[in-house]
Amino acid sequence: MSDNTQRPLVVCFGEILWDIFPTYKKIGGAPLNVAYHLHKMNIDSHIITKLGNDDGGQKILSRLKEVDACTKYIQVDPAQKTGTVFATFDDKNEASYEFLKNSAWDFIDFKQEDYDLVAQSDAFVFGTLASRTAHTRETLHKLLDAAKYKVYDVNFRPPHYDLDAVIELMHKADLLKMNKFELKEVLTHLEQPYTTEEEAIKFAQKHFNCDEIIVSKGDKGGMYLNKEMLYSFPAVDIVIRDTVGSGDSFLAGFLAAKLRGDDPIRVIKRAASLGAFVTSHTGANPEYETEDFELFYQDTIFKDELIMCKNILEEAKNPVK
C-alpha cells in the first residue's frame, strides 16, 4: 500500500475492525481486506477509515505499518471504540457476524485530503456496512463526487443496512458486486420478479445504468456482465478452510487484473483464483507472498473453455423470434 505513481491507485472506504473468531482474533473489515490483497497484487492501495484511540486501534495501526501499509488516511477518534465483530460458523463453514454498535468507523469525517486522493484514484471501493450511520454515509456521498470509477460491494449484514440507502448508492456505481441472494432482495424491493439469473442481472444493469455487474454464487461460481458480454464461470475446486474474506479477495483480484488492462477472461480467472486461495486459508488476510498465489493459480485455475460467454449486444440486435 506504499505510494508508487507507476502503479494503479485504488482507494477503499469503510470499516476496519477486529474479527473475533471462536478461537482467535484477526484484523478485518471488507475495505481493509480488499486493500490488503490489492497490495499483495502490487497495486497502490489506500484505505479511508476511523479507529478508536484505544488498545485495539493502536494494535491495528502497528500491524498495518508492519506490512508497509499507508496509514495516512486513517482517522483516530478519542470518543469512540475501535470496531469489533464476532464471527461464528455453521456446518458448511459459512460465517455469520455480530457487529459492535457505534464503532469509530461509524463516524468517518470528510477531509479535503481524502477527497483529493479519491479524485486521483483509478478506482474507489466502498461497501454497505459503513453506510449504516448518517455521519459516515454523508462522508461517503461527498467522496463519491470525486471518484472516476466507483466500485460498490453490496454486502448485506442484517440488520445493518437500509434498502433505500442501498438503492441510492447502487445508482451511483460503475461496477456493482453482490451475491445472488442480495440481487434477489434488491429486485424484490424494486417489485421486480426474479425469473432467471441472466434476466435478473440484465435488469439490474439497465435499472442502475451501471457498466459492470458481478454476481457471486459461492461454490457455483458466478457471473460477470459488462456492456458487451455476459460471462458465467465456475468456482475453483479447492478444500475450504473458511469463507471469511473470500468475496473481498475476489474483488481485489478482479480490480488488480482489470486495472492492468487484462482481457475479461483473465480478469475473471485471476479474481476467482484469489478468492479461492484465501478460502483455502484461515482468516480474511492470511500472510503470503505473491509467488505463493501465482503457484496456486497455475496449479488450480479452471480452463478458459469452462467460462460461458454470451454476446448481449449481438443478441439485442438479433432477438430470438
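## Sheet, helices and aromatic pairs in a predicted model

Helix α1 (residues 30-40) lies across β1 (9-13) and β4 (44-52), and its direction runs at about 160° to that of β1. Helix α8 also packs on the sheet, where it touches β1, β8 (123-127), β9 (150-153), β10 (175-179), β11 (212-216), β12 and β13, at about 155° to the direction of β10. Helices (H or I, at least four residues) and strands (E, at least two) are DSSP runs, numbered from the N terminus; touching refers to contact, meaning heavy atoms within 4.5 Å. Axes are lines fitted to C-alpha atoms, for helices over the stretch in contact, with angles from 0 to 180 degrees between N-to-C directions.

This is a predicted model, in which local features need pLDDT of at least 70 and side-chain atom pairs count only at pLDDT 80 or more, while totals for chains, interfaces and linings use all residues. Residues are numbered from 1 along each chain as its sequence is written, and side-chain values use heavy atoms, with hydrogens and water left out. The average pLDDT (the predictor's confidence in each residue, from 0 to 100) is 92 for the chain, and 96% of the residues score at least 70. Over residues 1-5 pLDDT stays under 50. Where pLDDT is low, the predicted coordinates should not be read in detail.

The sheet is open and has ten strands in the order β5-β4-β1-β8-β9-β10-β11-β12-β13-β14, with mixed pairing. Its edge strands, β5 (74-77) and β14 (308-311), each pair on one side only. Two strands pair if DSSP finds at least two bridges between them; β12 and β13 (residues 229-233) are antiparallel over four bridges. Tyr224 stands opposite Tyr231 in β13.

Aromatic rings of Phe, Tyr and Trp (its six-membered ring) pair if their centres lie within 6.5 Å; planes under 30 degrees apart count as stacked, over 60 as edge-to-face and the rest as tilted. The count is 13 aromatic pairs, including the two below.

| Pair | Centre to centre | Angle between planes | Class |
|---|---|---|---|
| Phe156 and Tyr161 | 4.2 Å | 5° | stacked |
| Tyr224 and Phe254 | 5.1 Å | 75° | edge-to-face |

Because Tyr224 lies in β12 (residues 222-225) and Phe254 in α8 (residues 246-259), their pair ties together parts that are 30 residues apart in sequence. Tyr224 and Phe254 are both buried, that is, under 20% relative accessible area, with exposed over 50% and partly exposed in between (1.4 Å probe, protein chains only). Phe156 is buried at 8%, whereas Tyr161 is partly exposed at 21%.
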